[in-house]
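This report looks at one helix, the aromatic pairs and the nonpolar cores of a single model. The sequence and structure come first.

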Amino acid sequence: MPQKQKARSWSELKQAGNERFKTGQYGEATIIYSQAIKELDKSSTKNPEDLGILYSNRAASYLKDGNCGECVKDCNMSLEFSPFNVKSLLRRAAAYEALERYRHAYVDYKTALQIDCHIAAAHDGTNRMTKALTEADGLSWREKLPPIPVVPLSVREKLAQKTTTNAAHPTPTPQTETTQAKKPAPTEKDLKRSQVLKEEGNALVKKGEHKKAIDKYSQSLKLNPAEVTTYTNRALCYLSVKQYRDAVRDCDEALMMDSSNLKALYRRAHAYKELKDAKACVDDLNKLLKVEPKNTAALKLLQEVQKKK
């Protein structure tokens, strides 16, 4: 007789969900996280913070699959269990933005910045929402905003000390993120030096010296690992020197911070094309075209890939 399979614990299911997420199997990850939530929910020793993490993880899978409504619901649940969870706020903001609920997205981005003022994705999101709301409502757009919660100092201090392991979902490069999370925030001097190195890298790109530019961008990221555009710039260089897997990794990092970054989506699609991964390439291009349907470069690349199928 076949041996009965042992039921997995919620933590084992969570790990299995994380593995599916890292390999881009977002639908399967969602199912497994749902099983983990059920298991933990019926446990006598359940920890609200663990439930908050599971809901946040499932929200990330929903967001990746374009199911923004369910992402918002799971982020709401996560924030009930773990108030002011930064990743849940950022995921909900991204979902609200995709749903064109710009006022709610703005509030979440601004709340995240109260907790950590160095989050590049939150700064970028706030700028995008400001532009969209100004165009929609004119100069009085702030008057129509829902109230922005005030994050207590005690909460900010507590959350600032947490590592990624306790805070939220692993990403395609979890080791990198965990290391970054444990580092102190960059000093003003670090940020200035990082910007100088980035600009030096940009100048080298204009000269076609992509390998030297990669070195400059890498030095810049050591000082400020939260700068989205440095990752997308280095990804462009990796594409130029045919280091396609490195390009994918840099785009993953950029999209972790800004899930709708068009340059990251396009450059990762380009890298996937060169790696002969047509499905992943088309997926990224479709995500890009949802945001910007007339993007000529993306339409051209999509046509090229579909011809080869």
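Is Trp141 buried or exposed? In this predicted model, Trp141 has a relative accessibility of 4%, so Trp141 counts as buried.

**Aromatic pairs**

Three aromatic pairs turn up when the whole structure is searched. One of them joins Tyr55 and Phe81, which are stacked, with 5.9 Å from centre to centre and 10° between the planes. Tyr55 belongs to helix α3 (residues 48-64) and Phe81 to helix α4 (residues 68-81), so this pair ties together parts that are 26 residues apart in sequence. Tyr55 is buried, whereas Phe81 is partly exposed.

Another pair is formed by Tyr106 and Trp141: the ring centres are 5.1 Å apart and the planes stand at 80°, so the arrangement is edge-to-face. Tyr106 sits in helix α6 (residues 102-115), while Trp141 is in the loop between α7 (120-137) and α8 (153-161); the pair therefore links parts 35 residues apart in sequence. Tyr106 counts as buried.

| Residue | Relative accessible area | Class |
|---|---|---|
| Tyr55 | 11% | buried |
| Phe81 | 29% | partly exposed |
| Tyr106 | 3% | buried |
| Trp141 | 4% | buried |

**Nonpolar cores**

The largest nonpolar core has 65 residues, and those touching the most other members are Cys71, Leu90, Tyr109, Ile119, Ala122 and Leu285. Leaving out residues up to four places away in sequence, Cys71 touches Ala59, Tyr62, Leu63, Arg91 and Ala95. Another core, of 14 residues, lies apart from the largest one; among its members are Ala16, Tyr33, Leu51 and Tyr55.

**Helix α11**

The buried residues of α11 are Ser194, Leu197, Lys198, Gly201 and Leu204. They cover an arc of only 115° around the axis, which means that they lie on the same side of α11. An α-helix has 3.6 residues a turn, so residues three or four places apart point the same way. Glu188, Lys189, Lys192 and Lys206, on the other side of α11, are exposed. The cover over the buried residues of α11 includes α12 (210-223) and α13 (228-240). After α11 comes Gly208, with a positive phi near 80°.

How values were computed
Residues are numbered from 1 along each chain as its sequence is written. This is a predicted model: local features need pLDDT of at least 70, side-chain atom pairs count only at pLDDT 80 or more; totals for chains, interfaces and linings use all residues. Side-chain values use heavy atoms; hydrogens and water are left out. Buried means under 20% relative accessible area, exposed over 50%, partly exposed in between (1.4 Å probe, protein chains only). Helices (H or I, at least four residues) and strands (E, at least two) are DSSP runs, numbered from the N terminus. The arc is that of the directions from the helix axis to the C-beta atoms. Contact means heavy atoms within 4.5 Å. Rings of Phe, Tyr and Trp (its six-membered ring) pair if their centres lie within 6.5 Å; planes under 30 degrees apart count as stacked, over 60 as edge-to-face and the rest as tilted. A nonpolar core is a set of buried Ala, Val, Leu, Ile, Met, Phe, Trp, Tyr and Cys residues joined through side-chain atoms within 4.5 Å.
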